[in-house]
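Me: Please go through the packing of this model with me, one point at a time.

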Amino acid sequence: MRCLFIPLFAMLISPGFAEDPIPKRLQEHVKQLKSDKAEERVSALAGIAQFGAGAARVMPAIKTALKDKDSNVRSHALYVFKLMGGKAIPALKEITAALKDKDSEVRCIAADVIGTLGQRAKDSIGELANAINDEESGPHAIAALEAMGSLARPAIPQLKKALSNEELCSYAARALGKLGALEELRAGSKSKNEEIRIESYIGMKWIGEKAVSDLIRGLSDESEEVRLNVIELVGRFKEEGKAAVPALIKLLTDENEAIRFHAVKALTNIGPDAKAAIPALKKAFDDKNAQVRTAARLALEIIQPKQK
């Protein structure tokens with residue numbers, strides 16, 4: 001379940017400020033953070049957020065707000081850090097600790113804040129990896145890991161585990177694909193669960209040509225839904241998809257008209273390298289489905305253009 005949170009403050013950042021002293025308005029907001037009323041503390045954070053990166057000048061007060069008994073206050077404190085950008089790095093330890101907050105919304109936002117810091121938040125990778133299998137904040141933790149690029153490779157074992165969770169598999173597959181974790185996605189593509197197989201194959205699109213042989217195997221999956229998704233992926237590889245032509249030819253006679261149609265489209269995208277499919281495409285001129293017939297004629301024009 002994705003966490004949704006709309007802060008009370010507008011995302012407007014005040015322009016530059018003098019280095020010293022701390023603006024009076026900012027000082028007033030910090031004083032307001034000591035109010036006994038949660039709504040006033042939230043309002044104070046909304047005011048502090050207006051200073052954007054300049055809010056880093058009252059970092060200790062915002063860190064304290066992260067420990068507030070009210071979850072709404074804690075959430076707003078995290079948003080202040082998010083608007084600080086790189087200036088929030090000194091608070092990374094406290095932000096990372098919020099990944100274990102008892103409130104799911106706070107956990108989600110904490111992961112989002114870390115994600116905006118990208119590779120600068122590499123010290124949080126371990127805790128993000130531990131947060132992956134939280135079905136509420138897990139997608140946010142995975143997105144944050146994605147933002148760290150190859151530095152997130154130590155989290156591959158946890159991402160592989162998340163791939164077996166139907167609620168998280170789409171997020172995990174994408175991250176694994178971007179990390180080039182073909183072995184893990186290959187294992188997922190052999191799952192008994194149809195959804196996990198589909199997402200594993202989709203994740204392979206980020207890997208590229210190295211995944212073509214695995215995608216070809218997916219073209220013969222027992223599930224029509226899996227085959228349909230894989231066909232669309234194979235068609236994106238164009239010249240690299242040449243090896244898939246024999247399997248695509250077989251699909252031109254599939255019982256599912258959608259599969260036949262997309263098989264034709266994939267062959268069209270592969271182009272002249274799909275010339276072995278010409279006889280089968282000509283037979284498709286008589287397909288009982290009008291869309292397939294039209295697509296087959298267009299495919300032939302592209303695969304075997306007429307000589308001028």
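Reply: Buried here means under 20% relative accessible area, exposed means over 50%, and partly exposed lies in between, with a 1.4 Å probe and protein chains only. The model is predicted, so that local features need pLDDT of at least 70 and side-chain atom pairs count only at pLDDT 80 or more, while totals for chains, interfaces and linings use all residues. Residues are numbered from 1 along each chain as its sequence is written, and side-chain values use heavy atoms, with hydrogens and water left out.

Me: Is Gly208 buried or exposed, and what is its relative accessible area?

Reply: Gly208 sits in the loop between α12 (194–203) and α13 (212–218), where helices are DSSP runs of H or I with at least four residues, strands are runs of E with at least two, and both are numbered from the N terminus. Because its value falls under the 20% limit, Gly208 counts as buried, its relative accessible area being 15%.

Me: How far apart in space are Gly235 and Asn269, C-alpha to C-alpha?

Reply: Gly235 lies in the loop between α14 (224–234) and α15 (245–251), and is buried at 4% relative accessibility. Leaving aside neighbours within four places in sequence, Gly235 is in contact (heavy atoms within 4.5 Å) with Ala266 and Asn269. Although Gly235 and Asn269 are 34 residues apart in sequence, their C-alpha atoms are separated by 5.7 Å.

Me: Which residues have the most contacts inside the largest nonpolar core?

Reply: A nonpolar core is a set of buried Ala, Val, Leu, Ile, Met, Phe, Trp, Tyr and Cys residues joined through side-chain atoms within 4.5 Å. The largest one has 104 residues, and those with the most contacts inside it are Phe81 and Leu248.

Me: What is the angle at which α4 and α6 pack?

Reply: The contact between these helices includes Phe81 of α4 and Val113 of α6. With their axes 9 Å apart, α4 and α6 (residues 104–117) pack at an angle of about 5 degrees.

Terms used. Axes fitted to C-alpha atoms, helices over the stretch in contact; angles between N-to-C directions.
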